[in-house]
4 protein chains.
Amino acid sequence: MDAALFGAGRIGKIHAGNLARQPGVALRYVVDVDAGAAAALARQHGARVATADEVFADKDVGVVVIGSSTDTHADLIVRAAAAGKAIFCEKPVDLAVDRARRCAEAVRQAGVTCLIGFQRRYDPTFNAVKERIVKGEIGEPEMLVVTSRDPGAPPVEYLKRSGGIFRDMLIHDFDIFRWILDDDAATVYATGSVLTDPAVGSVGDIDCTAVTIRTRRGRLCQINTTRRAAYGYDQRFEVIGSLGMLQANNHRPTEVVASTATAVSADLPEHFFLERYRAAYAAEMAHFFEALAKGAPVRTSIADGVAALELADAATTSWREQRIVTV
Amino acid sequence: MDAALFGAGRIGKIHAGNLARQPGVALRYVVDVDAGAAAALARQHGARVATADEVFADKDVGVVVIGSSTDTHADLIVRAAAAGKAIFCEKPVDLAVDRARRCAEAVRQAGVTCLIGFQRRYDPTFNAVKERIVKGEIGEPEMLVVTSRDPGAPPVEYLKRSGGIFRDMLIHDFDIFRWILDDDAATVYATGSVLTDPAVGSVGDIDCTAVTIRTRRGRLCQINTTRRAAYGYDQRFEVIGSLGMLQANNHRPTEVVASTATAVSADLPEHFFLERYRAAYAAEMAHFFEALAKGAPVRTSIADGVAALELADAATTSWREQRIVTV
Amino acid sequence: MDAALFGAGRIGKIHAGNLARQPGVALRYVVDVDAGAAAALARQHGARVATADEVFADKDVGVVVIGSSTDTHADLIVRAAAAGKAIFCEKPVDLAVDRARRCAEAVRQAGVTCLIGFQRRYDPTFNAVKERIVKGEIGEPEMLVVTSRDPGAPPVEYLKRSGGIFRDMLIHDFDIFRWILDDDAATVYATGSVLTDPAVGSVGDIDCTAVTIRTRRGRLCQINTTRRAAYGYDQRFEVIGSLGMLQANNHRPTEVVASTATAVSADLPEHFFLERYRAAYAAEMAHFFEALAKGAPVRTSIADGVAALELADAATTSWREQRIVTV
Amino acid sequence: MDAALFGAGRIGKIHAGNLARQPGVALRYVVDVDAGAAAALARQHGARVATADEVFADKDVGVVVIGSSTDTHADLIVRAAAAGKAIFCEKPVDLAVDRARRCAEAVRQAGVTCLIGFQRRYDPTFNAVKERIVKGEIGEPEMLVVTSRDPGAPPVEYLKRSGGIFRDMLIHDFDIFRWILDDDAATVYATGSVLTDPAVGSVGDIDCTAVTIRTRRGRLCQINTTRRAAYGYDQRFEVIGSLGMLQANNHRPTEVVASTATAVSADLPEHFFLERYRAAYAAEMAHFFEALAKGAPVRTSIADGVAALELADAATTSWREQRIVTV
C-alpha cells in the first residue's frame with residue numbers, strides 16, 4: 001500500500017521510520033512547507049517530495065499520515081476523507097470543537113478509517129494497565145490520579161498558537177481519563193497558575209494546572225500538570241478500584257542503581273515524549289495498519305479526538321471563569 | 001512531672017506507653033468512662049483511676065493528655081487551661097469551628113502549652129520531606145499531591161458522630177497542606193461520592209473525595225482520599241518545586257521481595273495508623289516534653305487545629321453546595 | 001524475675017533497654033570493668049553495680065545477659081550454667097572452637113536455657129523470609145547469596161583481638177547460611193584481600209572476602225563481604241528455590257524519594273547494626289523471655305554458636321592455606 | 001556495503017533485522033542448512049539464498065554475519081578472514097581453546113575486523129555501568145557479584161553439544177568479569193550441582209554453579225547461576241568500589257505496579273535473552289558498522305572471545321577436579 005506523509009519535522013520523522021517497518025507499505029510522498037526537510041526525509045525513505053494536491057490526486061495512495069502543524073489538520077482530514085484515503089492524524093483534530101466535529105462528520109460520511117494520535121493508549125505500560133482493568137484485576141475503577149509533567153515549557157511563540165495548556169498538553173490526559181475510567185464526565189473543575197515562567201502568563205496561558213472531573217457514575221479523576229519538572233518528563237497515573245490499585249510508572253533509560261556516600265539513586269525518567277513513547281509510536285502505527293487490514297475500528301478514533309477537545313474546552317472555561325462546568 | 005491521661009482506648013494506650021518513656025515523667029491518673037479499661041491501663045503503668053475533677057484539682061499534675069472521644073475535647077481543654085496545665089490533645093480540637101476557636105482563646109489567655117495531635121508532622125518520612133524543603137532542596141514549592149486512603153470505612157455508628165469525612169479524615173491532609181506548602185488557602189473545591197459502601201451514604205456522608213486548594217500565592221494542592229483501599233493504608237504525598245520533587249512514600253512491615261512465576265512482589269503498606277505512625281506518636285510525645293522543658297512553641301499548636309478545621313468546613317460546604325468556596 | 005547484665009557498653013545499653021520492657025523482669029545488677037559506665041547504666045534502670053561473684057551468689061537472679069567483651073564470654077557462660085541461671089550471651093561464644101564446645105557442654109549438663117545473640121534471625125525482614133521458605137513459598141531452597149558489608153573497618157586495635165574477619169564479621173553470615181539453607185556444609189572455600197586499608201593487612205587480617213559453601217545435598221551458598229561500603233551498612237540476602245526467589249533487602253531511615261535534575265534518589269541504608277537491627281534486638285530479648293516462660297528451646301542456641309564458629313574456622317583455614325576445606 | 005548472513009534461526013533473524021537498519025548496508029545472501037528457513041528470511045529482506053562458497057567468492061560481500069551453530073563458527077571465521085571479509089560472529093568462537101586461538105591468529109594475519117557477539121557489553125544498562133566506572137564514580141572497583149539465571153534449561157540434546165554450562169552459559173559472565181573489573185584472573189574456583197533436573201546430570205553437566213575469581217590485583221568476583229529461575233531471566237550484576245556501588249538491575253516489560261489485598265507487585269523480568277537484550281543486539285550491530293566505517297577496533301574482539309573461553313575451561317577443570325585452578 002502506498003502512503004503519503006504530511007510534515008517532515010520531529011514527529012514526522014518518527015512516523016516515517018515506523019511506516020517503513022510495516023510489511024507491504026511504501027512511503028511514496030513527503031509534503032512539507034520546508035522544502036529542505038521534505039527532501040531530506042523523502043530521500044532517506046526512497047520517497048519523493050510532493051504537494052498536497054498531488055497526493056490527493058494519486059489513486060495509488062491509500063493512506064495519509066498527518067504530522068504537520070495543528071492548523072493544517074482539519075483541512076487535510078476533510079480532503080483525505082473526500083479522496084477516500086485512510087487517515088492517521090496527530091492530535092489534536094483541531095483547536096476548535098466545531099471544526100473538529102465537522103472533520104468527524106466528514107470522516108463518518110466518507111467511511112474511511114481515521115486514527116487520531118493519542119499515542120499513550122499504545123504505550124506498553126499504559127496499555128497493560130487498561131487490559132488488566134478490563135480483566136477485572138482491580139474490580140470496578142473508582143478513582144484516577146494522573147500526573148503529567150513536562151520537562152520544560154515550549155517557546156512563547158509556540159504557546160501563542162497552542163490553544164492553551166488544556167488543549168495543547170492536557171488533551172492527552174483527558175483522553176487517558178476517558179479511556180481508563182470508561183465513563184462520561186459530568187462536571188469539570190480546573191484551576192491553574194503561572195509559577196514557572198512569567199512569559200507563559202504574558203501570552204494568557206498558565207503553566208501549572210489542577211483539574212478534577214466527576215463522572216456521571218460518581219467516579220473521580222484528578223489531573224495535576226506542570227510545564228516544568230526539573231527532573232524530566234513525568235508521566236504516571238494510578239487507578240483505584242474496589243479490589244486494588246494499578247499504577248503506571250515512569251520508564252527510565254537504564255536500570256542502573258548507584259549507591260554512594262550520599263544516596264541510593266536511579267536514572268531520571270526518559271527525557272521527553274519522543275523517548276518515553278518510542279514504543280508507543282511504533283505500536284500505534286502497527287495498530288493502524290492492522291486495523292486497516294482487518295477492517296476493524298481503531299483504538300483512538302476521531303470521536304475520541306473530539307471528546308477530549310470538549311473536555312479541554314470545559315476545563316479552559318472552568319479556569320477562566322472560576323466556576324464548575326457541567327458537561 | 002506528673003501527668004494524667006483522659007481516654008484508655010486504642011490511642012490512649014499508645015500515648016500511655018510513650019509517656020512512660022519520657023525521663024522524669026510519671027503517669028499518675030487515668031480517666032475513662034469505661035471503668036474497666038481505665039483500671040487496666042492504670043495498673044499497667046502504676047497509675048490510679050481518677051475523675052476529671054480529681055485531676056484538675058491536683059496541683060502536682062502538670063500535664064494532661066486528652067485521648068478521649070472528640071465531644072469531650074473542648075471541655076477538657078478549657079478546664080485544663082483554666083487549671084494551668086500543659087495540654088496534649090488528640091485531633092480534632094472540636095467538630096465546630098466556633099468552639100475550637102474558644103478553646104484556642106482559652107489556651108491563649110491561660111498561656112499554657114497546647115499540642116494538637118497531628119502526629120503525621122512527627123513521622124520520620126514526612127518530617128524529612130519538610131526539613132529538606134526548608135533547606136531548599138527543591139526550591140520554591142509549587143504543587144502538592146496528597147494521597148490518603150484508609151483500609152476500610154469505620155462503622156456507621158462512628159460515622160454518624162464523626163462530623164463527616166472532611167472533618168474526620170481529611171483534617172490530617174489539610175494540616176499536611178498547611179505545613180508543607182506553608183501558604184494560606186484562597187479557594188477550596190471539594191467533591192466526592194459514595195462508591196465503596198451505600199451505608200456511608202445513608203448517614204449523609206461520602207467515602208471518596210477529591211479536593212483542590214489554591215493558595216494566595218497561586219500554589220496548587222490536590223488531595224485524593226478513599227475510605228477503602230483494598231491493599232491497605234495508603235499514606236503518601238509528593239511536593240513539586242522549582243528544582244525537583246520530594247515524595248513521601250509508604251512504609252512496609254518488612255523489606256522482603258518475592259519473585260515467583262507470576263510477579264515480583266513486596267509487602268503491603270503498614271496496616272493502619274497505629275502501625276504506620278508508631279514512630280510518629282513516640283516522636284510527638286517526646287517533642288511535647290522537649291518543648292515544655294525549653295519553653296518552646298510546639299510544632300502543632302491549637303491554632304493549627306483551628307485552621308485545619310476551617311479548611312474542613314470549607315470543603316464540606318464546597319461538596320454540599322457544589323461550588324468553589326473562597327476562604 | 002531478676003536479671004543481671006554484664007557489659008555496660010554500646011550493646012549492653014541496648015540489652016538493658018529491651019530488658020526493661022519485658023513484663024515482670026527487673027534489672028537488678030550491672031557488672032562492668034568500667035565503673036563509671038556501670039554506675040550510669042545501673043542508675044538509669046534502677047539497678048545497682050555489682051561484681052560477678054555477687055551476681056552468681058544471688059539466688060534471686062534467674063537470668064544473666066552477657067554483653068561484655070568476647071574474651072569474657074566463655075568463663076561467664078560456664079559460671080552462669082553452674083549457678084543454674086538462664087543465659088543470654090552476645091555472639092560469639094568464644095573465638096576458640098574447643099572452648100566454645102566446652103561452654104556448650106556446660107550448658108547441656110546444667111540444663112539451663114542459653115541464647116546466643118545472632119540477632120539477625122529475629123529481624124522482621126530476615127525472619128519473614130525464613131517463615132515464607134518454611135511455608136513452601138519458593139519450594140526447595142537451592143542457592144543462597146549473602147551480601148554483608150560494613151560501613152567502615154573498626155580500629156586496628158579491635159581487629160587484633162577480633163579473631164579475624166571470618167570469626168568476627170562473617171560468623172553472622174555463616175549463621176544465616178545454616179538457618180536459611182537448613183543443611184550442613186560439605187566444603188568451604190574462602191578467599192579474600194586487603195583492598196580498603198593496608199592497616200588491616202598489617203595485623204594479618206583481610207577486609208574483603210568471597211566465600212563459597214557447598215552443602216551435603218549440593219546446595220550452594222556464596223557470601224561476599226567488605227569492611228568498607230562507602231554507602232553504609234549493606235545487609236541483604238537472596239535465596240532461590242525451585243519455585244522462586246525471596247530477597248531480604250536493606251532497611252532505610254525514611255521512605256523519601258527525591259527527584260532532582262540529576263537523579264531519582266532514596267535514603268542510604270540504616271547506618272550500622274545498632275540502627276539496622278534495633279527491632280531485631282528487641283525481638284530477640286522478647287523471644288528469650290518467652291522461651292523461658294514456656295520452657296521452650298531458643299531459636300539461636302549455643303549449638304548454633306559452636307557450628308557457626310566451626311565454619312569460621314574452616315573459612316579461615318581455606319583462606320590461609322588457599323585450599324578447599326572439607327568440613 | 002553488501003553483507004551475507006550465516007544462520008537463519010532465532011538469532012539470525014535478529015541480526016538480519018538489525019542489519020536492515022544500518023544505512024548503506026544491504027543483506028545480499030542468506031546461508032542455512034535449512035533451505036526453507038533460509039528462503040523465508042532471504043525473501044523478507046530482499047536477499048537470496050546462497051552457499052558458503054558463493055558468499056566467499058563474491059568480491060562485493062564485505063561483511064559476513066555468523067549466526068549459525070557453534071560447530072561452524074571456527075571454519076567460517078577462518079574462511080572469511082582468508083577472503084578478507086569483516087566478521088561479526090556469535091559467541092563462542094569455538095568450544096576448544098586451541099581452535100579459538102587459531103581463529104584469532106587467522107583474523108590477526110588477515111587484518112580484518114572481527115566482532116564476537118558478547119551482546120551484553122552493548123546493553124544500555126550494563127554499558128552505563130561500565131561508563132560510570134570509567135568516569136570514576138565509584139573509585140577503584142574492588143568486588144563484582146554477577147547473578148545470571150536462565151528461565152529454564154535447554155533440551156538435553158542441546159546440552160550434549162553445548163560444551164557444558166561454563167562454556168555455554170557462563171562464558172557471558174566471564175566476559176562481564178573481564179570487562180567490568182578490567183583485570184586478569186589469577187585463580188578460579190568453581191563448584192556446582194544438578195538441582196533442577198536430573199536429565200542435566202545424565203549428560204554430564206550441571207545446572208547450578210557458584211564461581212569465584214580472584215584477580216592478580218586481589219579483586220574478587222563471584223558468579224552465581226542457575227538454569228532454572230522460576231520467575232524468569234535474571235540478569236544482574238553489582239560492582240563495589242572504594243566510593244560506592246553500581247548495580248545493573250533487570251529490565252521489565254512494563255512499569256506497572258499492582259497493589260491488591262495480598263501484595264504490591266511488579267512485572268517479572270524480560271522473558272529471555274531475545275527480549276532482554278533486544279536493544280543490545282541492535283546497538284552491537286550499529287557498533288560493528290561504526291567501527292568498520294572508522295577503522296576503529298571493536299568493543300568485543302576475538303581476543304575477548306578466546307579469553308572468556310580460557311576462563312570457562314579453567315572453571316570446568318575446577319569443578320571437575322574439585323580444586324582451585326591457577327590461571
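The exercises below work through parts of a predicted model.

Residues are numbered from 1 along each chain as its sequence is written, while chains are lettered from A and ligands numbered from 1 in the order in which they are written. Because the model is predicted, local features need pLDDT of at least 70 and side-chain atom pairs count only at pLDDT 80 or more, whereas totals for chains, interfaces and linings use all residues.

**Exercise 1.** Find the order of the strands in the open sheet of chain A.

Step 1. Helices (H or I, at least four residues) and strands (E, at least two) are DSSP runs, numbered from the N terminus. Two strands pair if DSSP finds at least two bridges between them.

Step 2. The six strands follow the order β3-β2-β1-β4-β5-β6, with parallel pairing.

Step 3. β3 (48-49) and β6 (114-117) of chain A each have a single partner strand, so one side of each lacks a neighbour in the sheet.

Step 4. Within the sheet, β1 (residues 2-6) and β4 (residues 61-66) of chain A are joined in parallel by five bridges. F6(A) is opposite I66(A) of β4(A).

Step 5. Helix α4 (residues 70-82) of chain A lies across β1, β4, β5 (86-90) and β6 of that chain, at about 170 degrees to β5(A). Such angles run from 0 to 180 degrees between N-to-C directions, with axes fitted to C-alpha atoms, for helices over the stretch in contact.

**Exercise 2.** State which residues of helix α1 of chain B are buried, and what covers them.

Step 1. A residue is buried if 20 or more other C-beta atoms, placed from the backbone, lie within 10 Å of its own.

Step 2. In α1 (residues 10-20) of chain B, the buried residues include G12(B), I14(B), H15(B), A16(B), N18(B) and L19(B).

Step 3. Their cover includes β1 (2-6), β2 (26-31), α2 (35-44) and α12 (278-294) of chain B.

**Exercise 3.** Describe how chain C meets chain B.

Step 1. Residues are in contact if their C-beta atoms, placed from the backbone, lie within 7 Å. By this rule, 23 residues of chain C touch 23 residues of chain B.

Step 2. α6 (124-134), β12 (244-248) and β13 (256-260) of chain C each supply at least two residues of that side of chain C.

Step 3. Strand β13 (residues 256-260) of chain B runs antiparallel to β12(C), with five bridges between them. One of the bridge pairs is T260(B) with G244(C).

Methods
A residue is buried if 20 or more other C-beta atoms lie within 10 Å of its own, exposed if 12 or fewer, and partly exposed in between; C-beta atoms are placed from the backbone. Two residues are in contact if their C-beta atoms, placed from the backbone, lie within 7 Å.
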